[in-house]
Amino acid sequence: MKILGIESTCDETGVAVVEDGRKILSNIIASSVEIQKRYGGVVPEIAAREQIKAIIPTLNAALEGMTNQDLDLIAVSSGPGLVGSLLVGVETAKALSAAWKKPLVPINHLIAHLYACWADNSKNLPSWPAIGLIVSGGHTDLILMKNHGKYLWLGGTLDDAAGEAFDKVARILGLSYPGGPEIERIARNFKFQILNFKLPRPLINSDDFDFSFSGLKTAVYNLVRKTTLSNQEISAIAYEFQEAITDVLSFKTLRACADFGAKSIIIGGGVAANLRLRQKISSLAANKNLAVFFPPVNLSVDNGAMIAIAAYYDFKPKDIRLVKSQPNLYFA
Ligand code: KG4
Ligand code: ZN
């Protein structure tokens with residue numbers, strides 16, 4: 001079964017074709033991040049206008065060597081996201097569904113981030129129950145996954161999302177957007193001198209699965225606001241900030257695994273690209289015999305392949321027979 005996946009929730013336009021939920025036949029991503037850099041973050045109006053320019057060329061590139069006859073289903077990211085950006089992908093998908101007479105399914109963008117782990121780079125697949133950690137620019141959530149389509153939200157951020165905290169702290173430190181990769185790069189320059197300060201690990205021991213990162217961001221701001229920092233000091237703060245946020249994310253993920261008897265951990269979202277987070281969760285999980293699944297780094301950021309993969313697992317196979325007879329039915 002070949003599924004066309006369309007993603008347009010924010011500043012990436014992604015279109016992909018995935019076969020049987022794992023084999024990526026094409027995955028094209030256009031991004032307006034270079035334009036957004038000038039503004040230090042995503043400007044929704046600009047993101048939406050760039051989506052309009054990118055959608056058809058991205059679609060054509062993803063379908064190169066194929067025709068619509070090869071496709072069984074169209075899947076589109078239906079939210080959460082910026083409304084102007086979302087409309088571009090959703091309306092394109094609806095038009096294609098009507099013109100090509102293909103069934104259309106809406107996919108939750110956040111759950112799709114977790115499904116990026118099903119891409120064909122790994123032979124193994126997660127066993128249930130699993131704990132899903134979604135860490136993106138706009139969201140931080142812990143999810144109990146009992147099976148495909150059977151999810152229970154355990155907790156999430158009360159204020160800034162993990163990616164948002166990386167982006168805002170990067171801005172405080174004078175680094176460019178997006179902040180996550182910049183903080184990771186600068187933190188590597190810290191050569192383990194003694195740190196003469198410590199940042200908080202908010203809610204690390206709280207009796208719930210919630211997160212809060214705005215106090216951590218303020219703590220960084222209070223450290224830097226009265227002084228001019230040397231490059232070495234900037235890398236020390238970037239290092240300690242990355243340690244603090246990855247400590248909280250990994251500790252609470254492992255606690256959720258213990259509480260719910262999970263067998264696997266599945267991580268998704270842009271912050272899943274962070275190597276320090278990958279190291280910490282992997283080493284904690286190895287001590288507990290838990291399998292850990294990260295998406296390939298290029299599928300950590302927004303892309304169409306994860307939308308197509310999520311559609312395959314959430315709608316197979318009886319649902320697909322149902323939607324095939326009634327195109328557009330599943331679009332709420
Ligand atoms: O999932 P994503 O591409 O878009 C949303 O759905 O929000 O995530 C983007 C976020 C940005 O905040 C970016 O700074 C963060 O992911 N990010 C990282 C890394 N790469 C991207 N954060 C930490 N370390 C990274 N290597
Ligand atoms: Zn995303």
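Trainee: Are H113 and D302 buried or exposed?

Mentor: Happy to look at that with you, and please keep in mind that this is a predicted model. Both residues, H113 and D302, are buried. They belong to the site of the zinc ion (ligand 2), where the coordinating atoms are NE2 of H109, NE2 of H113 and OD of D302, at 2.0 to 2.1 Å. Along the sequence, these donor residues follow the spacing H-x3-H-x188-D. The pair H113 and D302 links distant parts of the chain, 189 residues apart. H113 sits in helix α4 (residues 109–115), while D302 is found in the loop between β10 (291–293) and α10 (304–315). As for geometry, the zinc ion (ligand 2) has 4 donor atoms with angles of 94 to 142° among them, and the site is irregular.

Ligand 1 is surrounded by 20 residues, and the closest are G137, D167, G180, E184 and G270. Some of these make polar contacts. The side chain of D167 places an N or O atom 2.7 Å from an oxygen atom of ligand 1. With G180 the backbone takes part: one of its N or O atoms is 3.0 Å from an oxygen atom of ligand 1. E184 has a polar side-chain atom 2.7 Å from a nitrogen atom of ligand 1. Taken alone, ligand 1 exposes 550 Å², and the protein buries 89% of that.

Conventions
Residues are numbered from 1 along each chain as its sequence is written. Chains are lettered from A and ligands numbered from 1 in the order in which they are written. This is a predicted model: local features need pLDDT of at least 70, side-chain atom pairs count only at pLDDT 80 or more; totals for chains, interfaces and linings use all residues. Side-chain values use heavy atoms; hydrogens and water are left out. Donors are N, O and S atoms within 2.8 Å of the metal (3.2 Å for Na, K and Ca); water is not among the atoms, so sites may look incomplete. Four donors count as tetrahedral if all angles lie between 85 and 135 degrees; four count as square planar and six as octahedral if opposite donors are over 155 degrees apart and all others between 65 and 115; anything else is irregular. Helices (H or I, at least four residues) and strands (E, at least two) are DSSP runs, numbered from the N terminus. Buried means under 20% relative accessible area, exposed over 50%, partly exposed in between (1.4 Å probe, protein chains only). A residue is near a molecule or strand if one of its heavy atoms lies within 4 Å of it. A polar contact is a pair of N or O atoms within 3.5 Å; within protein, one must be able to donate a hydrogen and the other to accept it, and residues adjacent in sequence count only if both atoms are side-chain atoms. Accessible areas come from the Shrake-Rupley method with a 1.4 Å probe; for residues, only the protein chains shown count as cover.
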